[in-house]
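Reader: I have a two-chain model open and would like to talk it through with you. Could you take my questions in turn?

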Amino acid sequence: MNLYDITFYFFAFVTLVSAGVVVFSKNIIYSAFSLLFTFFGVAGIYVLLNADFIAVAQLLIYVGGILVLLLFGVMLTNKVISVDMKTGTLQTLPATLLSAMLAGALCGLFYATDWKIIRIPPAPETTNSLGEMFMTTYLLPFEVASIVLLVAILGAAFIARKDRSIRRTT
Amino acid sequence: MQVGLSHFLIISAILFSFGIYAVITRKNAILVLMGIELILNSANINFIAFTRFSTAKLDGQAIAVFVILLAAAEAAIALAIVLNIYNKFKTVNVDEISNLKE
């Protein structure tokens, strides 16, 4: 057990336990806040896989953006003061069976397969070469992604707008 | 046993099953969204693990950046839709929303 393994097991534990709280907790707020720890744990796993840029992007976008959006959603769609923020579940038995079978099959598959592992010494940092790839190999997807983001921003603002009277009159 | 590729893959498999469970069982639409985020994260772990343990340069990490980007766009759009649904139906429980048009 060297330091790498201990760190891996720590982050794996944090990720899986908090993901379990997200899935099984009855309180929406508990779920939302333990999703924070899941994202942190996944970022730690990215660091262990020598993906420094992705780890930082994970922290900035997921924790700083998506999680705050989800919390806004929780706060805006529940009466925080009057009603307790419980949520029910549907179809628990078939879902348990399905996801347990899925987990078992995937874990068995991943464990049993004889992966051809090539351990090349990792680059000290990946940001430079990632940036070069985005400007050369992945230039078209990169530009399309910026358009997708623009469309998503405009669409979200348009859908969530409260007053629709302007559109009705025209 | 030294931590290798299969450890990371098994973590992502368990995370994926948690996400599927949340998507199927949860009534609240926002918790369904959280399940989708878990699924996307598990896919990202797979991409980056395969990048680390193969001769592929950094293609997996580039794809992971696109996945994160699409997750952000998806969360914004989906929350806008959920807020709109809440304004109309006064609930976000997906089992109670069965009208296509009022």
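This is a predicted model: local features need pLDDT of at least 70, side-chain atom pairs count only at pLDDT 80 or more; totals for chains, interfaces and linings use all residues.

Reader: Which helix of chain B has the highest confidence?

Author: pLDDT is the predictor's confidence in each residue, from 0 to 100. Chain B has a mean of 88, with 98% of its residues at 70 or more. Confidence in chain B is lowest in helix 3, at a mean of 89, and the highest value, 92, belongs to helix 1 of chain B.

Reader: What pattern does chain B follow along the sequence?

Author: Helices (H or I, at least four residues) and strands (E, at least two) are DSSP runs, numbered from the N terminus. Chain B comes to 3 helices and 0 strands. Read along the sequence, the pattern is α-α-α.

Reader: How many residues does the largest nonpolar core have?

Author: A residue is buried if 20 or more other C-beta atoms lie within 10 Å of its own, exposed if 12 or fewer, and partly exposed in between, with C-beta atoms placed from the backbone. A nonpolar core is a set of buried Ala, Val, Leu, Ile, Met, Phe, Trp, Tyr and Cys residues joined through C-beta atoms within 7 Å. Among the residues with the most contacts inside the largest one are A:Y46 and B:I48, and this core has 64 residues.

Reader: Which residue of chain B does A:Y46 touch?

Author: Two residues are in contact if their C-beta atoms, placed from the backbone, lie within 7 Å. Not counting residues up to four places away in sequence, A:Y46 touches A:A51, A:I54, A:A55, A:Q58 and, from chain B, B:I48.

Reader: Which helix gives the largest share of the side of chain A that touches chain B?

Author: In this pairing, 67 residues of chain A are in contact with 61 residues of chain B. The largest share of chain A's side, 12 residues, comes from helix 3 of chain A.

Reader: Is B:I24 buried or partly exposed?

Author: B:I24 sits in helix 1 of chain B and touches A:Q91, A:A95 and A:L98, not counting residues up to four places away in sequence. Because 18 other C-beta atoms lie within 10 Å, B:I24 is partly exposed.

Reader: What phi does A:N50 have?

Author: A:N50 lies in the loop between helix 2 and helix 3 of chain A, and with 19 other C-beta atoms within 10 Å it is partly exposed. Most residues other than glycine have a negative phi. A:N50 is not a glycine, yet its phi is positive, at about 60°.

Conventions: Residues are numbered from 1 along each chain as its sequence is written. Chains are lettered from A and ligands numbered from 1 in the order in which they are written.
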